[in-house]
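I opened the model today to look at chain folds, helix packing and the chain contact. My notes are below.

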Amino acid sequence: MIKAKPKPLQEIQQYVAPYESVLIVGCGGCVSVCLAGGQREVNLLKTEMELAHFQTHTAKRMQGYTVERQCNPALIKELDPYIESADCVVSIACGAGVQLLAEKYPGKPVFPGVNTIAIGVDLDIGLYEERCRACGECVLAYTGGICPVTRCAKGLFNGPCGGTNGDKCEISNEINCAWHEIYSRLKAQDRLDDILKIQPPMEWKNQVKRTIVQKGYEERYIEPK
Amino acid sequence: MESNTNPTPDKPVIQSILAEHKKQIKIGLTMCAHCSLCAESCFLYMSHEGDPQYMPSYKFLHSVGRLYKKKGDVSRAQLETMRDLVFENCVLCTRCYCPMGIDIPALITLGRRICRSQNLFRNYDR
């Protein structure tokens, strides 16, 4: 799931400084799971901001509301009356949620309250680790289920760089070399042939908005040429 | 939404949300034929060996449906049971299907909204 981390309170306060009335919007999806942007965090941020504004004598009208998913247009409809009465919005959902709010309410400034970090795994409660950058060209089939884009400091696709230090990365002795791990796993699975297959350079698609149309839904969303 | 942190549910708030969606709830309650066809569209129901508490219709009828019939007059403990039902037994994948056309995900979302208004939601660090 998507993992996020709360922004520093001071940064959020700077965003909302010119406005009188602030609506904090949480999300019941991924950011609730990683304890960054659910209803509990909405309540907490609201209290922290109220306290900070009280201390600086810059009282603002604060409201909090949590929708089930900020990335779903049908589920943010219920925000309409709350948005209307607010001067600005602080969204503590992931970047997708923030952008959907900003798109649906173009007349309102929408500010992010969290930094969206990664698609990651839950190692423990409150402890998460990145595993995927949604690059759109998954090579895990050839790399023993270890992502070179995410785990290699240089995102190399075809073996380690010259700086690999045994099983460690050249940037730090505390970081394992992803390609050493890939090699070890493929060797254990007797799949070293996979490592010899040259992967073409990544077709970075970050310059265009990627839209996903699942198989079977083409007729509904794509006009025939 | 000002979340209620009191142990007693804020009845007027619950009633106002129910009133706002009265038509939708009433249609849902009237149209549900208890056919259980929605069950097989829920992957949680299927993976819990047919436990009826995971049936989409059960989740709606025993949360919003019950609140509507009781006119919002429920205890905190009853609301907590509903919280468990709509948060723990549903991931809101919105894939459940009703042959009668009831928008079950919307009704479960409404159940969650009422729970949230009473400061009841899923705790992920529990």
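**Ground rules.** I am working with a predicted model, where local features need pLDDT of at least 70, side-chain atom pairs count only at pLDDT 80 or more, and totals for chains, interfaces and linings use all residues. Residues are numbered from 1 along each chain as its sequence is written, chains are lettered from A and ligands numbered from 1 in the order in which they are written.

**Chain B overall.** I found six helices and zero strands in chain B. Helices are DSSP runs (H or I, at least four residues), strands are E runs of at least two, and both are numbered from the N terminus. The pattern along the sequence is α-α-α-α-α-α. I then checked the dimensions: the C-alpha atoms fill a box of roughly 40 × 35 × 20 Å along the principal axes. Of the 126 residues, 38% count as buried (20 or more other C-beta atoms within 10 Å of the residue's own, C-beta atoms being placed from the backbone).

**Helices 5 and 6, chain B.** I looked up helix 5 (residues 76-88) and helix 6 (residues 104-117) of chain B; their axes come within 9 Å and cross at roughly 135 degrees. Axes are lines fitted to C-alpha atoms over the stretch in contact, and angles run from 0 to 180 degrees between N-to-C directions. From helix 5, Leu79(B), Met82(B), Arg83(B), Val86(B) and Phe87(B) meet Ile108(B), Gly111(B), Arg112(B) and Cys115(B) of helix 6. Contact means C-beta atoms, placed from the backbone, within 7 Å. I sorted these residues into six nonpolar, one polar and two charged. Nonpolar covers Ala, Val, Leu, Ile, Met, Phe, Trp, Tyr, Cys and Pro; charged covers Asp, Glu, Lys and Arg; the others, Gly among them, are polar.

**Helices 2 and 4, chain B.** Helix 2 (residues 22-31) and helix 4 (residues 56-69) of chain B pack at about 120 degrees, axes 10 Å apart. Ile25(B), Gly28(B) and Leu29(B) of helix 2 meet Phe60(B), Val64(B), Gly65(B) and Tyr68(B) of helix 4. I noted five nonpolar, two polar and no charged residues here.

**Chain A against chain B.** I found 14 residues from chain A and 10 residues from chain B in the contact. On the chain A side, strand 3 gives the most, with three residues. That side divides into five nonpolar, seven polar and two charged residues.

Technical notes
Two residues are in contact if their C-beta atoms, placed from the backbone, lie within 7 Å. A residue is buried if 20 or more other C-beta atoms lie within 10 Å of its own, exposed if 12 or fewer, and partly exposed in between; C-beta atoms are placed from the backbone.
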